[in-house]
Amino acid sequence: MILYHGSNVIVDKPVLMPQNRYLDFGFGFYTTTNKIQAISFAEKVYHRRKEGRKTVNIYEIDENKAFAECSLLRFDEPGEPWLDFVSANRSGTYTGKSYDLIYGPVANDDVYTTFNLYAAGVLTKEQTLDALKIKKLYNQLILTTEKALHYLKFIKTVPEEEL
């Protein structure tokens, strides 16, 4: 599986760094299977930090081996378990089991409004899930432990001028 990570720097040796905000799948090194998603994230990171340059790092992972040898939480669709998990992580209230890898749909910019309406109680769980069904959601793979990072192989970086 080919994975992308958008950043403002080259990340040839990924590390787990403390985060200052709550993300979809909690703490970890975030990658996506979609290059366009990674480019969008690189642009956001660059503009937020105002240093470095827009960069997409490309990796490879043998998902058969990694998924078999690591603890894995996998969501194949944006269903109720996924919505509950993402909502708990985004609110900082998740206290469940930890995993080496978490794989599933990414709640990208197109669905933030839907999530915010759900979190505010404007939409019910059913309305939220119905709204998400019509969105094109890409997948992300989050590596949450050093064990998981060992399966990730850096391939190359695509610099800003080639994006």
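Start with the lining of the largest pocket: by class, 19 residues are nonpolar, 13 are polar and nine are charged. Keep in mind that this is a predicted model.

**Stop 1: the largest pocket**

Select His5, Arg21, Leu23, Tyr30 and Phe41. Of the 41 residues that line the largest pocket, these lie nearest its centre. Now colour strand S1 (2–7), strand S2 (29–32), helix H1 (35–49) and helix H4 (109–119). Each of these elements gives two or more residues to the lining of the largest pocket. Which element gives the largest share of that lining? Pick out H1: eight lining residues come from there. The volume of the largest pocket is about 1,100 Å³.

**Stop 2: the second largest pocket**

Move on to the second largest pocket, with about 270 Å³ of space. Select Phe25, Gly26, Phe27, Asn89 and Tyr94. Among the 18 lining residues here, these are the closest to the pocket's centre. By class, this lining divides into eight nonpolar, eight polar and two charged residues.

**Stop 3: helix H5**

Select residues 125–133, helix H5, and show side chains. Which residues of H5 are buried? They are Thr128, Leu129 and Leu132.

Methods: Residues numbered from 1 in each chain as written. Predicted model: local features only at pLDDT ≥ 70, side-chain atom pairs only at ≥ 80, totals over all residues. Heavy atoms only, no water. 1 Å grid on protein atoms, 1.4 Å probe; cavity = no way out; pocket = protein on both sides within 12 Å on 5 of 7 lines; lining within 4 Å. Points joined across faces, edges and corners; volume = space filled by probe spheres on them. Helix = DSSP H or I, 4+ residues; strand = E, 2+ residues; numbered from the N terminus. Nonpolar A, V, L, I, M, F, W, Y, C, P; charged D, E, K, R; others polar. Buried < 20%, exposed > 50% of the residue type's maximum accessible area, 1.4 Å probe, protein only.
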